[in-house]
Amino acid sequence: MTTLATLTAPRGRADAALVAAVDVARAALLEDVDPADVGDHLGATNEGERVVTHQFACTRRGYLGWRWSVTITRAPRQKTVTVDEVVLIPGDDAIVAPAWVPYRDRIQAGDLSPGDLLPVSDDDPRLVPTYSYGDDPLDSDDRAQVRQVAQDLGLGRVRTLSAEGRDLAAQRWYDGDGGPDTPLAQSAPHHCHTCGFLLRIAGPLSETFGVCANGDANDDGRVVSFDHGCGAHSEVRLAKRHEPQPLPDHVFDTLSTDEFESF
Ligand code: SF4
């Protein structure tokens with residue numbers, strides 16, 4: 001059954017001749033598509049001056065909710081309808097692939113394998129140049145020369161951590177396994193800032209973080225916040241009732257010599 005309805009008219013009144021040209025649109029569609037894959041006419045959309053799109057249900061298996069879309073037009077003062085395009089488009093209920101996520105944005109910490117390369121873009125906000133290349137635009141050879149001179153002069157790394165990069169790292173560490181909210185830290189008897197195993201770091205984060213240097217602790221070698229903690233804190237002492245109890249004497253001693261009464 002053919003149903004004719006104007007779905008939307010975003011740009012003025014739809015051209016009546018084009019709206020009525022359902023059969024022309026269907027014929028154009030059937031030139032490219034198997035008739036078994038074409039269902040009812042779903043409506044017409046006004047695309048602009050003398051441009052209308054007709055939509056037909058798609059009955060092809062695996063394309064539930066998709067629509068055939070046929071856009072037609074006609075010249076001014078002409079009755080002949082011409083076809084602009086025939087495409088298959090997803091409707092509101094169509095199953096479509098999720099939005100594309102660039103590979104760069106999919107990478108998580110820990111995804112790198114030996115030999116993998118993960119270049120950092122030139123405008124990465126986590127880094128700032130350590131020295132300036134000057135105001136003149138330089139090609140890659142000139143920049144390489146500047147880098148070589150900077151290296152010879154001992155100016156250090158090409159780029160260093162920006163304030164934004166540092167803040168992001170601090171927040172990530174504080175919210176992570178080395179922060180104060182983990183079950184380990186919540187049940188710890190003392191915080192890291194009083195622990196003898198806390199290795200101090202230099203720089204702006206030295207007031208908040210250190211590195212755990214206790215080989216028996218879960219966080220050995222990791223950055224921990226001062227208010228993190230664990231049961232391997234250097235000042236942990238067992239309560240009396242948890243201390244090892246001395247063993248009673250053996251009931252039958254096979255190790256030492258017996259004392260005999262001499263008559
Ligand atoms: S041993 Fe525990 S309390 Fe001490 S620095 Fe390491 S994580 Fe912190």
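Visitor: How much space lies in the second largest pocket?

Guide: Rolling a probe the size of a water molecule over the atoms shows where empty space is left. A pocket is an open set of points, on a 1 Å grid over the protein atoms alone, with protein on both sides within 12 Å along at least five of seven lines. Its volume is the space filled by probe spheres set on the points, which are joined across faces, edges and corners. Here the second largest pocket holds about 210 Å³. This is a predicted model: local features need pLDDT of at least 70 and side-chain atom pairs pLDDT 80 or more, while totals for chains, interfaces and linings use all residues. Residues are numbered from 1 along each chain as its sequence is written, and side-chain values use heavy atoms, without hydrogens and water.

Visitor: Which elements supply at least two residues each of the lining of that second largest pocket?

Guide: Lining residues have an atom within 4 Å of a point. Helices (H or I, at least four residues) and strands (E, at least two) are DSSP runs, numbered from the N terminus. The elements are β6 (127–129) and α4 (140–152), with β6 giving the largest share, three residues. The lining includes Leu127, Val128, Pro129, Arg143 and Arg147.

Visitor: How does the span of α4 agree with its number of residues?

Guide: The expected span is 1.5 Å times one less than the number of residues. The 13 residues of α4 should therefore span 18 Å, and the end C-alpha atoms are 18 Å apart, which agrees. After α4 comes glycine 154, with a positive phi near 75°.

Visitor: What lines the largest pocket?

Guide: The largest pocket has a volume of about 370 Å³. Among its lining residues are Arg104, Asp105, Asp124, Arg126 and Arg172. By class, that lining has five nonpolar, one polar and five charged residues, where Ala, Val, Leu, Ile, Met, Phe, Trp, Tyr, Cys and Pro count as nonpolar, Asp, Glu, Lys and Arg as charged, and the others, Gly among them, as polar.

Visitor: How many cavities of 30 Å³ or more does a search of the whole structure find?

Guide: A cavity is a set of grid points where a 1.4 Å probe fits but cannot get out. The search finds one of 30 Å³ or more. The largest cavity contains about 110 Å³ of space. It is lined by 14 residues, and the closest to its centre are Cys192, Cys195, Phe197, Cys212 and Cys230.

Visitor: Where does the ligand sit?

Guide: The ligand sits in the largest cavity, a term applied if more than half of its atoms lie within 2 Å of the grid points. Residues around the ligand (a heavy atom within 4 Å) include Cys192, Cys195, Cys212, His228 and Cys230.
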